[in-house]
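Visitor: I would like to learn how to read the features of a protein model. Please take me through them one at a time.

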Amino acid sequence: MRYSVSVPATHALGQIEWPDSEVDARIDFAVVDVDHLAGSEDLLQAINSKPGDEVAVFVHGYNTTPSEALYRYAQIGHDFNITSPKVLFSWPSAGLPTGYVYDRDSVLFSRDPFADLLTDISRRTDKEITLMAHSMGAHLTMEVLRQLAITGRRDVLNDLRVVVFLAPDIDPDIFRAQAKAIGKLPDPFVIMTNRGDRALNLSAFLNIGRQKVGDLSRAADVAGLNVTLFDFTALADGTNRDHLVPMTSPLAIAVLRDLVNSDRRGQLDLSAFEIGEDGVIRAKPLKGNGDV
């Protein structure tokens, strides 16, 4: 399916204006058009018909319904100023806070179709891929990158222009094993973390206290993997269990907008960040007025 989602003129950066009851496109996010795509051929034709040499793919996280994923990607696309074709890979989350185990199984179920989607985009369009994944969607993405590597689809991996993980819900040891199987990771490979992410803290609790990649804060935690860590802990404001900071904080959005829209030689504005001696890029604490 191809959805056209309108973003209201009153939109606040980082937010989704959900309707209270009746949808009013003047003040709410709203689906204004739906076009049925019969299958992969129609999807690839739609991608190829768009100008430019990139396509942006987003993978949502745990406890996310299809409508929530659609509106979240519409918000990301608008706020990040993504002008290339946008593809949402919506895997079958239970959409429930109690559905964590179900969602973990759904991730495993979704590996083949996601790998096939990336393969089709790589081999049957003339576009490179910007790949963004949130929370448990990052675990699915790493599994798929591993699958592409071990099945001889290195050409697909080479078409990944940039990979961005937003609060990834992955055990660090599993991440390292996945990275080892993948071999050379796409470059740049960026991980957005937050030590105060309460959703990841709960995930760690359910997994006998094991820390997750999304709350790492030391370069040593990913040493040798050629990834860049952004620590957004200072930007947390307590909303959404601090699990959506990279997609809702104006400062984080500004950095990600630059990252997604820059070419490989692009320079990011890091004036609001401190680059530690360990190489981790950390957001400076916000002042009372929201400035740094």
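**Reading the salt bridges**

Guide: Arg195, Asp231 and Arg282 are joined in a network of salt bridges. A salt bridge here is a side-chain nitrogen of Lys or Arg within 4 Å of a carboxyl oxygen of Asp or Glu. This is a predicted model, in which local features need pLDDT of at least 70, side-chain atom pairs count only at pLDDT 80 or more, and totals for chains, interfaces and linings use all residues. Residues are numbered from 1 along each chain as its sequence is written, and side-chain values use heavy atoms, with hydrogens and water left out.

Visitor: How many salt bridges does the structure hold?

Guide: The general idea comes before the count. Side chains of opposite charge can pair when their charged atoms come close. The structure holds 10 salt bridges. In one of them, the side chains of arginine 195 and aspartate 231 meet at 2.5 Å, N to O. This pair links distant parts of the chain, 36 residues apart: arginine 195 is in the loop between strand 7 and helix 8 (198-206), and aspartate 231 is in strand 8. Helices (H or I, at least four residues) and strands (E, at least two) are DSSP runs, numbered from the N terminus.

Visitor: Is aspartate 231 buried or exposed?

Guide: Buried means under 20% relative accessible area, exposed over 50%, and partly exposed in between (1.4 Å probe, protein chains only). Aspartate 231 has a relative accessible area of 2%, so it is buried. Arginine 195, at 44%, is partly exposed.

Visitor: Which residue forms a salt bridge with aspartate 35?

Guide: Arginine 2 does, with the closest N and O atoms 2.5 Å apart. This pair also links distant parts of the chain, since aspartate 35 is in strand 2 and arginine 2 in strand 1, 33 residues apart. Aspartate 35 has 29% relative accessibility and counts as partly exposed; arginine 2, with 35%, is partly exposed. A further salt bridge joins the side chains of arginine 26 and aspartate 24 (2.7 Å, N to O). Arginine 26 is exposed, because its relative accessible area is 64%.

Visitor: What about a charged residue that has no salt bridge, such as glutamate 17?

Guide: For charge, Lys and Arg count as positive and Asp and Glu as negative; His and the chain ends are not counted. Glutamate 17 is buried, and the nearest side chain of opposite charge, arginine 72, is 9.0 Å away. Glutamate 17 is placed in the loop between strand 1 (2-6) and strand 2 (30-35). A polar atom of its side chain lies 2.9 Å from the backbone nitrogen of alanine 12. Contact means heavy atoms within 4.5 Å. Not counting residues up to four places away in sequence, glutamate 17 touches Pro8, Thr10, His11, Ala12, Ile27, Asp28 and Phe29.

Visitor: In what order do the strands of the open sheet lie?

Guide: Two strands pair if DSSP finds at least two bridges between them. The open sheet has eight strands in the order 4-3-5-6-7-8-10-9, with mixed pairing. Its edge strands, strand 4 (86-89) and strand 9 (273-275), each pair on one side only. On average, neighbouring strands of this sheet are turned by 20 degrees against each other, direction ignored. Axes are lines fitted to C-alpha atoms, for helices over the stretch in contact, and angles run from 0 to 180 degrees between N-to-C directions.

Visitor: Which strands pair with strand 5?

Guide: Strand 3 (residues 54-59) pairs with strand 5 in the parallel sense over six bridges, and strand 6 (residues 160-166) also pairs with strand 5 in the parallel sense over six bridges. Toward strand 6, histidine 134 stands opposite leucine 166. Strand 5 (residues 128-134) is mostly covered, with six of its seven residues buried. Helix 4 (residues 111-124) lies across strand 3, strand 4 and strand 5, at about 155 degrees to strand 5.

Visitor: Where is methionine 136 placed?

Guide: Methionine 136 is in helix 5 (residues 136-150). Its relative accessible area is 0%, so it is buried. Leaving aside neighbours within four places in sequence, its contacts include Trp91, Tyr100, Arg104 and Asp169. Arginine 104 is in helix 3 (residues 100-109) and is partly exposed, at 29% relative accessibility.

Note on methods
A polar contact is a pair of N or O atoms within 3.5 Å; within protein, one must be able to donate a hydrogen and the other to accept it, and residues adjacent in sequence count only if both atoms are side-chain atoms.
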